[in-house]
Amino acid sequence: MDSVSVDNRRNSEELDKVDQSPNDLYAGLRRIPDKFPRVALLILVVELGERFTYFGLSGPMQNYINNPYDPGSGLPGALGRGQSTASALGNFFKFWAYASTIIGAIVADQYVGKFKAITISLGIYIVGLTILVATATPAGLKSDAGFGGLVTAMVVIGLGTGGIKANVTPMCAEQYQNAEPVLKTLKSGERVVVDPELTVQRLFMWFYWVVNVGALSPLITVNVEAKHSFWLAYLIPLIAIVLSGIVFLSGQKRYVKTPPQGSAIIDACKVMNIARQEKNFESAKPSSLQASGRLSKYPFASSPRYTDQYVSDVRRGFKSCRMFIFFPFYFVCWVQIWNNLISQAGQMALHGTPNDLLQNLDPIALCIFIPLLDLGLYPVLRKFNINFSPVRRIFAGFLLVSISMVYASVLQHYIYISPEKSIHVWIQAPAYIFVAFSEAFVIVTGLELAFTHAPKNLRSFISALFWLMIGIAAAICIGLSPVSEDPKLVWMYGSLAIVGFVAGCLFFLCFRKSDLDDPFIPGLDGVPAEGNGQHVTQVADYGKHSEA
């Protein structure tokens with residue numbers, strides 16, 4: 001592994017500060033990532049528990065809604081509402097869970113901070129799961145409480161999911177406080193750049209690896225659902241989220257905590273409004289307004305918070321948000337592995353394999369692929385100075401998800417023309433694997449850009465906008481419910497393949513020359529960070545350090 005830990009107070013002969021100009025940063029020296037702070041692992045535990053819970057309850061949900069209770073059919077079921085309703089409710093759940101990230105971000109950035117927002121969301125999550133377990137019991141189903149309890153649980157759990165998803169990613173990344181690269185001499189004598197940009201990239205890759213370890217929970221819950229009952233399958237995620245919450249709270253005195261900024265979102269909107277009136281962000285900077293004699297026109301421009309650096313940060317965050325416009329077209333394809341492909345598997349020869357088991361190929365593939373990228377492919381590319389930039393990584397992800405939809409469309413065609421249940425279910429596997437590979441490029445890179453390009457007091461909000469794209473995609477899929485049934489599925493999958501491919505090409509054309517590919521060091525720019533009773537501040541001038 002090519003990472004090293006960096007102590008910024010080491011002997012100056014071993015570590016030297018690096019000028020932040022791109023030419024100096026890339027001047028013939030190999031870049032390597034730093035190690036993560038250990039306290040970040042406690043935050044990863046809550047994400048592991050939340051994803052274990054979310055996917056653990058989502059795995060059996062298609063069968064829970066779709067199939068009636070019929071022990072002799074070989075398919076587990078409870079509500080018997082049909083595939084169209086099951087897909088619509090599943091997409092509603094995803095829409096609400098990811099749309100509510102905006103609520104979680106606003107609560108964190110403006111009112112209580114990320115730590116308290118995550119803690120409150122854990123409590124909400126537990127309440128929702130308790131409702132789901134209670135109404136999925138035999139007594140609950142016999143009293144016709146199953147459907148109402150499911151919808152209520154979806155609303156409550158979705159709110160808890162949004163609060164956690166919006167805040168756990170930026171809070172985890174904020175535990176890494178080094179804001180500038182340094183030079184290090186390795187034992188081999190090679191001088192390398194220990195680069196915070198690569199460190200944050202690696203952090204998000206392993207963060208998503210943890211997400212997918214948690215996403216393996218359907219391996220447990222779908223088997224419990226098939227062999228015992230739905231209520232027991234849902235009880236397992238409830239226990240997992242409680243345990244992860246306990247671990248998370250155990251580290252509360254060790255976390256670096258960025259306090260809420262009160263009017264952070266409103267301030268950013270004011271900046272964008274001034275930039276709109278001044279025609280661009282450069283003219284909206286207080287130095288430019290002062291030079292043109294227009295500073296007094298905008299009361300907010302006289303605020304001490306309104307600086308040239310803050311305007312530049314808002315500009316960068318706004319420009320990075322433009323890329324999110326294309327992401328719903330990716331996620332419309334991605335969502336298929338959690339509903340329609342499960343139903344497709346039910347039309348195939350199962351040979352004892354639960355039809356909702358194959359969805360676990362997605363996280364399994366990612367748990368293998370992410371380490372290969374981080375420890376193999378990316379270091380080799382850096383060694384040979386091959387620039388596999390964020391825009392190119394996202395474009396590659398769009399292409400891979402389109403290939404997955406083409407495969408699903410062709411497979412669906414052969415299901416229609418072949419004898420009933422004559423095609424082995426494992427032939428479906430490549431559709432899941434292509435989607436998994438695409439996630440490593442699109443979702444990981446999207447999260448990285450949402451954090452590194454966001455104003456420091458709006459990291460939760462910008463991350464929430466990224467997750468909101470899944471909610472928008474789920475809403476689109478709700479509109480696709482009428483065609484999410486036989487015999488229209490061949491054309492549905494084929495259309496999604498075309499949409500994903502075209503969106504990926506347009507994304508590449510729009511952003512191939514943008515500053516999304518520019519190196520950017522995510523310091524804290526003067527935002528106070530509370531940790532261990534002290535304050536940690538990174539100044540706006542990235543050529544300087546300040547210490548806790």
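Asp267 counts as buried because its relative accessibility is 3%, where buried means under 20% relative accessible area, exposed over 50% and partly exposed in between (1.4 Å probe, protein chains only). The structure is a predicted model, in which local features need pLDDT of at least 70 and side-chain atom pairs count only at pLDDT 80 or more, while totals for chains, interfaces and linings use all residues. Residues are numbered from 1 along each chain as its sequence is written, and side-chain values use heavy atoms, with hydrogens and water left out.

Asp267 belongs to helix 11 (residues 264-277); helices (H or I, at least four residues) and strands (E, at least two) are DSSP runs numbered from the N terminus. Contact means heavy atoms within 4.5 Å. Apart from neighbours within four places in sequence, Phe300, Arg305 and Tyr310 are in contact with Asp267. With Arg305, a polar contact joins the two side chains at 2.8 Å. A polar contact is a pair of N or O atoms within 3.5 Å; within protein, one must be able to donate a hydrogen and the other to accept it, and residues adjacent in sequence count only if both atoms are side-chain atoms.

Helix 2 (residues 40-58) is mostly covered, with 16 of its 19 residues buried. From first C-alpha to last, helix 2 reaches 27 Å, close to the 27 Å expected at 1.5 Å a residue; the expected span is 1.5 Å times one less than the number of residues.

A nonpolar core is a set of buried Ala, Val, Leu, Ile, Met, Phe, Trp, Tyr and Cys residues joined through side-chain atoms within 4.5 Å. The largest such core has 146 residues, and Phe331 and Trp334 have the most contacts inside it. Helix 19 (residues 429-452) gives the most to this core, 14 residues. Beyond four places in sequence, Phe331 is in contact with Ile443, Phe466, Met469, Ile470 and Ala473. Another core, of 5 residues, lies apart and includes Val182 and Leu186.

Confidence is given by pLDDT, the predictor's value for each residue, from 0 to 100. The protein chain has a mean pLDDT of 83, and 88% of its residues reach 70 or more. Residues 1-20 have pLDDT below 50, and pLDDT stays under 50 over residues 519-548. Where pLDDT is low, the predicted coordinates should not be read in detail.
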